[in-house]
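The sequence and the structure are shown first.

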Amino acid sequence: MAEGLTGRGASPVGASVPPGEPLVRIRGLRFAHGERLLFDGVDLDIPRGGVTAVMGPSGTGKTTLLKLISGQLRPASGTIEVDGQDVHRLGRAALYRLRMRMGMLFQSGALLTDLSVFDNVAYPLREHTRLPEAMIRKLVLMKLEAVGLRGVQAQLPATLSGGMARRVALARAVALDPDMILYDEPFTGQDPISMGVLVSLIRHLNDASGLTSIVVSHDVSETLSIADYAYIIADGRVMEAGTAAEVRASRSEWVRQFLDGLPDGPAHFHAPAPDLMRDLLGEA
Amino acid sequence: MLDPLARLGRSGIAALARLGEAHLLLVGLLGGTWDTLVRPRLLIAQVYGIGVLSTLIVVVSGLFVGMVLGLQGYYVLSQFGAAESLGIMVAASLVRELGPVVTALLVAGRAGSALAAEIGLMKATEQLSALEMMAVDPIKRILTPRFYGGLLAMPLLAAMFSAVGVLGGYFIGVGLLGLDGGAYWSQMQAKIDFSDDIVNGVIKSVVFGLVVTWIALFQGYAATPTAEGVSRATTRTVVHSALAVLGLDFVLTALMFGE
């Protein structure tokens, strides 16, 4: 059972919450995936108007956290409030109204494969507005221009590279001008140019549109370079929280190992297993 | 001692839970009726995908089944001096049984498996989740048009199957074996009853259309979002659809034609 980097010894941060009224307030979150407890009483606040990074090793539940915030998954206990509304107490219609104020960039892009790039970005506008087609065209072209992909508007998603598909998905995610965008591992598998463009795009979009952004990632330097606030989660707990500078300067042994990518430390690379020699000899 | 019993209980509960999920999906599909009616283009696209693109296999199969019925029927009937009744035998077999049943099996194999794979892959590639995040209900927007597409296409395909099969029987009986063409058609016209034969055949194909499309959509929607999960969903679609169609055919036949 490969669990990635896991370890003990780091002290959990209790209610390390940023000041001010948060847009997302999570209290006492518990969630298990099968037998595995991903969140064990997590408290976490996402401040309005900034970029908040949620980082941690693979398999710690970062994507799950986004799905919990957006109401795609239900916690075992605890509450998640978005703009004062308890996400998991909302009816379907109210949840959909709330989701119209959220955009989500999926790790895979999740573009509708039978629609062109243009139609993918136009999709939420056609579904939720009664704008004339001429206006939708202008809006879509502006969104595609913002991500630098106006030139591929007629292409199908299958003809795009992974990085381009994610940028189209970003244009779609901001099509309805949401209040908040959830980014799921936006930098994974990007070439250096796409990575640089995406990093600056996320920051630029956030500042230009007055958004709140949650960036889930394990790309430490890129994520911290644009984050105002950061959380590091592992073992079902918040290991560190604070401004990007505070997290970078953390003295926690566990956090240092994660941020610096060190092989030795409280977090173990290997999943628990019997002695290798005994295992090879069939004695384990 | 108790382990096998516990396993049996667990699998029974799991099967019941899955059946419950399938029925909840059916309720969701029926709940999306209005959304599909106000977006006829989505429905037309699915009638094309499920119906029009299945035409070739249905027509060719219908032709061969009709030709085989012509041959087999002629040799049996001629032993009793009733070869002139070939027309009614071919038409009744096709309209009552083979048309709806074989068409349903063919549609399950061609369009049902494609539906399950498409929905399963949309789930695996997070397209359904993306729709949810865009505040668009994937059951209403993606699944329901496919459901009604299958429901509409099935009786039309079954009608085509039967019509081409009757022509296949004619080519063999009249064209090859020298039966009288007038007797072939007039016997058929006199003995095939509109409500007993044709309407009942249409009812069967509508029921099969509902069941096959429902099974395909459920298997795709409930598929484990992996390559293996989608593969299993397509296999299950064909197997479950075939069993459901054959089982339901018996029940419907007993209800419609039993004394």
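The text below treats a sheet, a helix pair and the contact between the chains in a predicted model.

**The sheet of chain A**

Chain A holds an open sheet of 4 strands in the order β3-β2-β5-β6, with antiparallel pairing. The strands β3 and β6 of chain A lie at the edges, each pairing on one side only, while β2(A) and β5(A) are joined in the antiparallel sense over 5 bridges. In this pairing, A:R30 has A:S77 of β5(A) as its bridge partner. Helix α1 of chain A, residues 62-69, packs on the sheet, where it touches β2, β3 and β5 of chain A, and its direction makes about 120° with that of β2(A).

| β3 of chain A | 36-47 |
| β6 of chain A | 85-86 |

In chain B, helix α4 (residues 55-79) packs against helix α5 (residues 86-124) at an angle of about 145°, the axes being 10 Å apart, and α4(B) passes α5(B) in a right-handed crossing. Among the residues that make the contact are B:I57, B:V65, B:G66, B:G70 and B:L77 of α4(B), together with B:L86, B:M89, B:L98, B:T103 and B:R110 of α5(B). The residues of this contact divide into 13 nonpolar, 6 polar and 1 charged.

**Between the chains**

The contact takes 15 residues from chain A and 10 residues from chain B. On the side of chain B that touches chain A, the residues divide into 5 nonpolar, 3 polar and 2 charged.

Conventions:
Residues numbered from 1 in each chain as written. Chains lettered and ligands numbered in written order. Predicted model: local features only at pLDDT ≥ 70, side-chain atom pairs only at ≥ 80, totals over all residues. Axes fitted to C-alpha atoms, helices over the stretch in contact; angles between N-to-C directions. Helix = DSSP H or I, 4+ residues; strand = E, 2+ residues; numbered from the N terminus. Left-handed = near helix turned anticlockwise from the far one by under 90°. Contact = placed C-beta atoms within 7 Å. Nonpolar A, V, L, I, M, F, W, Y, C, P; charged D, E, K, R; others polar. Pairing = 2+ DSSP bridges.
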